[in-house]
Amino acid sequence: MSTNITFHPGSVDTQERVGFLKQTGVTIWLTGLSASGKSTIACALEQHLLHLHKFTYRLDGDNVRLGLNRDLGFDEKSRIENIRRIGEVSKLFADSACIAITAFISPYRADRQVARELHEKGGLGFIEVFVDAPLSVVEQRDPKGLYKAARAGTIKDFTGISAPYEAPEKPDIHIRTDECDVTTAVEVIIEYLTKYNYIS
């Protein structure tokens, strides 16, 4: 990184934004296997929050790889960089008093911890949501045919098959999508946001 860079503070601080927008910025980090339900929950949660007149935005794994992270592959090094960038971007959203919703497999605990610490250093909220479903269930769902391709060896380094997924040990929220529907999942997250005063 270049050494001749100086942070330029603005004239608007976080508390001023929070005061005017009447909400506190936070990142809701959805992690789980492909087809566990992350994107489905993220879309429903974003819509629900907007209907509550909350400033919110969703960052989805595939969508971000079409633009910001289109130069990255799926090897371990690229996965780490993918999550590092999303950690930085979601922090910027949270700093703007936005409720940022991220839906990424984010398979490594260490990378998710880096994202959390990045937020905490900035005094920003970070909520890790483990969107959990057994491998047998997500393989049965397989809406994009990715598990079938991974089993056939067509796709290399596929999380859960030929690449590891490190499940959260102490997630802030644990949602079993083989045991509840999307409406219930959204309700659980909204209850958490209300309980900890992110929304009212």
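This is a predicted model: local features need pLDDT of at least 70, side-chain atom pairs count only at pLDDT 80 or more; totals for chains, interfaces and linings use all residues.
**Entry 1: helices α2 and α8**

I looked up how α2 (residues 38-51) packs on α8 (residues 182-195). The angle is about 55°, and the axes lie 9 Å apart. Angles of 65 to 115 degrees would count as roughly perpendicular and those under 35 as roughly parallel, so I log α2 and α8 as oblique to each other. The crossing of α2 past α8 is right-handed.

Next I listed the contact residues. From α2 I have Thr 40, Ile 41, Ala 44, Leu 45, His 48 and Leu 49. From α8 I have Val 182, Ala 185, Val 186, Ile 189, Ile 190 and Leu 193. I sorted them by class: 10 are nonpolar, two are polar and none is charged.

**Entry 2: largest pocket**

I then turned to the largest pocket, which holds about 720 Å³. Its lining counts 34 residues. Closest to the centre I find Ser 34, Lys 38, Asp 62, Ile 105 and Lys 144. Helices α2, α3 (61-65) and α4 (76-95) each give two or more residues to this lining. The largest share is four residues, from α2. By class I note 14 nonpolar, 10 polar and 10 charged.

**Entry 3: second largest pocket**

Which residues sit closest to the centre of the second largest pocket? I get Phe 7, Thr 14, Lys 91, Leu 92 and Asp 95, out of 14 lining residues. The volume is about 290 Å³. Here α1 (14-21) and α4 are the elements giving two or more residues. The largest share, four residues, is from α4. The lining splits into five nonpolar, four polar and five charged.

Key. Residues are numbered from 1 along each chain as its sequence is written. Side-chain values use heavy atoms; hydrogens and water are left out. Axes are lines fitted to C-alpha atoms, for helices over the stretch in contact, and angles run from 0 to 180 degrees between N-to-C directions. Angles under 35 degrees count as roughly parallel, over 145 as roughly antiparallel, 65 to 115 as roughly perpendicular and the rest as oblique. A crossing is left-handed if the near helix is turned anticlockwise from the far one by less than a right angle, and right-handed if clockwise. Contact means heavy atoms within 4.5 Å. Ala, Val, Leu, Ile, Met, Phe, Trp, Tyr, Cys and Pro count as nonpolar, Asp, Glu, Lys and Arg as charged, and the others, Gly among them, as polar. On a 1 Å grid over the protein atoms alone, a cavity is a set of points where a 1.4 Å probe fits but cannot get out, and a pocket is an open set with protein on both sides within 12 Å along at least five of seven lines; lining residues have an atom within 4 Å of a point. Grid points are joined across faces, edges and corners, and a volume is the space filled by probe spheres set on the points.
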